[in-house]
Amino acid sequence: MHENHRQRMMDRCQKTGFDSFADHEILEMLLYYSKPRCDTNETAHLLLEQFGRIDGVFEATPEELMQIDGIGQSSAVLMQLIRESARRYTKAVMQNRKRFMHIREVAEFANSCFVGSTTEQLYLFLFNNGMEMIDSVLLTTGTINSAEMPARLMLEKAIHKRASCAVLAHNHPHGIAVPSDSDIQLTYHAAEVLGLINIPLLEHLVFAENRYACIMKSHFRLQANAAIPGFSKQVSFLVNMEEFLNIEDDECVIPDPFEEADAKKAQKNQDN
């Protein structure tokens, strides 16, 4: 009976794709590969009951997953592999964009670093004078504030890579994309530290869900970089710095890379 049900699910997938599948059916089919001879439908429902949504399932630790009836080590590792594969896929798609022409493109790449993350992470992205990313550095993990920011590591990386400018980004895994007072203090501190070696901090991005916020807007950006000698000359490689950095709050939404990939594939098939 289970075998016939699995075959029907496979046939349905081949016919219609996954758009018509509910979350529990996606999980049910995933579990086929770690539980080859069991009914995985009930286990899929238990996972969603325990963790709320499908993203909660993939963000759960192996220990949390193995508390669910029907989930053993193989199934728990499979869920972790799915999360890590999604993160690496998203990051690889974003890395194909060699030169960044607008802050939203930097945001799309930065967001890929946080896929599946359940803790706060602070990244430093370094660019050359052609706005090509020359390094992405995980500065710290856990509660983030200016007192704990590894200024020495930030300076060492920026000097070693001979960076022309930088962008910071961090996530609020279970919050909203609104900068806290601590985030703002960290931004001032980072801008001052990078200013010691005449590298402008162009923006500090805060991510939550599929949205982000830009901390360094309007007067704050000018204040933060005002002390850097020759700041305007240093960023002259940007055709228009304000145009590069200008973005309205309602535009700060991250597009789904999987949907974009599907759209490109459909367009390619149509063209052929």
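Author: The expected span of a helix is 1.5 Å times one less than its number of residues. Helices (H or I, at least four residues) and strands (E, at least two) are DSSP runs, numbered from the N terminus. This is a predicted model, in which local features need pLDDT of at least 70 and side-chain atom pairs pLDDT 80 or more, while totals for chains, interfaces and linings use all residues. Residues are numbered from 1 along each chain as its sequence is written, and side-chain values use heavy atoms, without hydrogens or water.

Helix 9 covers residues 181-195, and its 15 residues should span 21 Å.

Now the rings. Rings of Phe, Tyr and Trp (its six-membered ring) pair if their centres lie within 6.5 Å; planes under 30 degrees apart are stacked, over 60 edge-to-face, and the rest tilted. By this rule there are seven aromatic pairs. One of them joins F100 to F109, edge-to-face, with 6.3 Å from centre to centre and 75 degrees between the planes. Both partners lie inside: F100 counts as buried because its relative accessibility is 3%, and F109 counts as buried because its value is 2%.

F100 also pairs with F127. Here the geometry is again edge-to-face, the centres being 5.6 Å apart and the planes at 80 degrees. This pair links distant parts of the chain, 27 residues apart. F100 is in the loop between helix 6 (73-95) and helix 7 (103-112), whereas F127 belongs to strand 1 (residues 121-127). F127 has a relative accessible area of 0%, so this residue too is buried.

F100, F109 and F127 are members of one aromatic cluster, along with F114, Y123, F125, F207 and Y212.

A ring may also have a charge over it, which requires NZ of Lys or CZ of Arg within 6 Å of the ring centre and within 35 degrees of the ring normal. The charged end of R12 sits over the ring of F21 in this way, 4.0 Å from its centre.

How values were computed. Buried < 20%, exposed > 50% of the residue type's maximum accessible area, 1.4 Å probe, protein only.
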